[in-house]
Amino acid sequence: MFTVVDLFAGGGGASVGLRHAGLRHVLSVDFWERAVETLIASGFPGYHHDLSKPIPGWLPPVWAVWASPPCQPHSRNGKRLGKEDPRDGYGALFDQIDRIKPRWLMTENTSHLDGTDYWAEVLEKIRARFEFVEAFVLNARDYGVPQDRARLICIAGPRPFEPPKIAWGRLAPSAFLGDGFLRAEQSGATARSTSEVCQTITAARNLYFWKTNPGRRLPRDTCKHPDARILSPYETAWLQGFPLDHPFRGTLGEMQTQVGNACPPPLAYAVARAAMEADGFSW
Ligand SMILES: C[S@@+](CC[C@H](N)C(=O)[O-])C[C@H]1O[C@@H](n2cnc3c(N)ncnc32)[C@H](O)[C@@H]1O
């Protein structure tokens with residue numbers, strides 16, 4: 001049985017992709033109540049727990065652990081305190097892995113972590129626990145997600161494996177939003193046509209859809225511009241690769257946080273398949 005424990009599961013982006021790949025969830029853990037409510041509403045075994053403490057009770061042997069520790073300690077948009085940041089999740093992750101002892105480990109984080117001394121340390125610890133370990137920077141746009149989102153993925157397990165397979169086609173935001181332009185408020189980036197993949201979605205509710213190209217200087221009150229409207233968290237969820245009926249719980253701001261923090265489900269799907277194929281699963 002291909003079973004998985006999803007650690008730092010958030011609103012379930014990775015969980016959705018893993019389920020789609022054919023994995024059965026044993027637990028999806030997060031310490032944010034709202035995210036756990038979303039997980040449970042989505043049919044996952046959501047468990048409200050602080051992962052800096054051991055998961056109490058007995059866990060069956062699992063095929064894999066998926067982990068998306070918080071990216072804020074490693075993001076170039078923050079102070080990059082790494083393990084000095086109290087939000088860093090890697091220490092907790094290794095404690096959990098040593099207890100759960102999964103056959104496979106798959107991790108996801110911001111690509112800003114790649115090339116840092118901290119990531120080299122993390123990789124060394126993963127290599128001490130698993131025979132075959134590879135890390136890749138993958139862009140969600142190559143996996144059927146209409147968004148530029150580079151993620152640092154690591155796969156570790158007992159067998160050699162092929163890198164996750166790139167999807168055969170690209171998806172554009174226009175497929176859902178129609179023709180126009182997307183631009184985040186408070187971003188130096190220029191607007192992008194909806195025929196191109198959109199810029200990286202964040203936890204801030206600040207992405208606008210424009211009928212006309214707004215150029216580099218946004219009007220002072222973008223919200224009131226007749227050509228602009230703010231995207232709803234459901235629209236940004238679609239741009240993140242979530243199914244339209246994903247039952248997010250919470251306020252609009254809390255929904256946007258769950259969307260902005262997520263691993264795009266199609267990316268998690270491709271990563272899980274790479275490990276599953278190495279273990280003889282065929283579709
Ligand atoms: C990058 S987000 C996870 C995104 C998720 N994998 C997805 O694809 O939707 C990190 C999550 O870790 C949770 N978290 C951070 N520290 C935690 C801890 N000590 N214990 C449990 N959850 C934690 C946060 O609440 C947040 O939802």
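The model is predicted: local features need pLDDT of at least 70 and side-chain atom pairs count only at pLDDT 80 or more, while totals for chains, interfaces and linings use all residues. Residues are numbered from 1 along each chain as its sequence is written, and side-chain values use heavy atoms, with hydrogens and water left out.

**The two domains**

Select residues 3-169 together with 258-278 for domain 1, then 174-246 for domain 2; such bounds come from an automatic or database domain assignment. The centres of the two domains, taken over C-alpha atoms, are 27 Å apart. To their contact (heavy atoms within 4.5 Å), domain 1 gives 19 residues and domain 2 gives 18 residues.

**The interface**

Domain 1 and domain 2 bury about 1,400 Å² between them, with 61% of it on carbon and sulfur atoms. Buried area here is the accessible area (1.4 Å probe) that two parts lose on being put together, summed over both.

Which elements give two or more residues to the side of domain 1 that touches domain 2? Select α1 (13-21), α7 (252-260) and α8 (265-278) to display them. Helices (H or I, at least four residues) and strands (E, at least two) are DSSP runs, numbered from the N terminus. The residues on this side of domain 1 comprise eight nonpolar, eight polar and three charged.

One salt bridge crosses the interface of domain 1 and domain 2. The term denotes a side-chain nitrogen of Lys or Arg within 4 Å of a carboxyl oxygen of Asp or Glu. Next, select Asp 148 and Arg 192, whose side chains meet in a salt bridge at 3.0 Å, N to O.

**The sheet**

Keep Arg 192 selected: this residue of β9 stands opposite Leu 182. Four strands form the open, antiparallel sheet, in the order β9-β8-β10-β11. β9 (192-193) and β11 (228-230) stand at the edges with a single partner strand each, so one side of each has no neighbour in the sheet.

**A salt bridge within a helix**

Finally, select helix α2 (residues 33-41), where Arg 34 and Glu 37 lie three residues apart, about one turn of the helix. Arg 34 forms a salt bridge with Glu 37, and their closest N and O atoms are 3.1 Å apart. By the rule used here, the count comes to 14 salt bridges.

Conventions: Pairing = 2+ DSSP bridges. Nonpolar A, V, L, I, M, F, W, Y, C, P; charged D, E, K, R; others polar.
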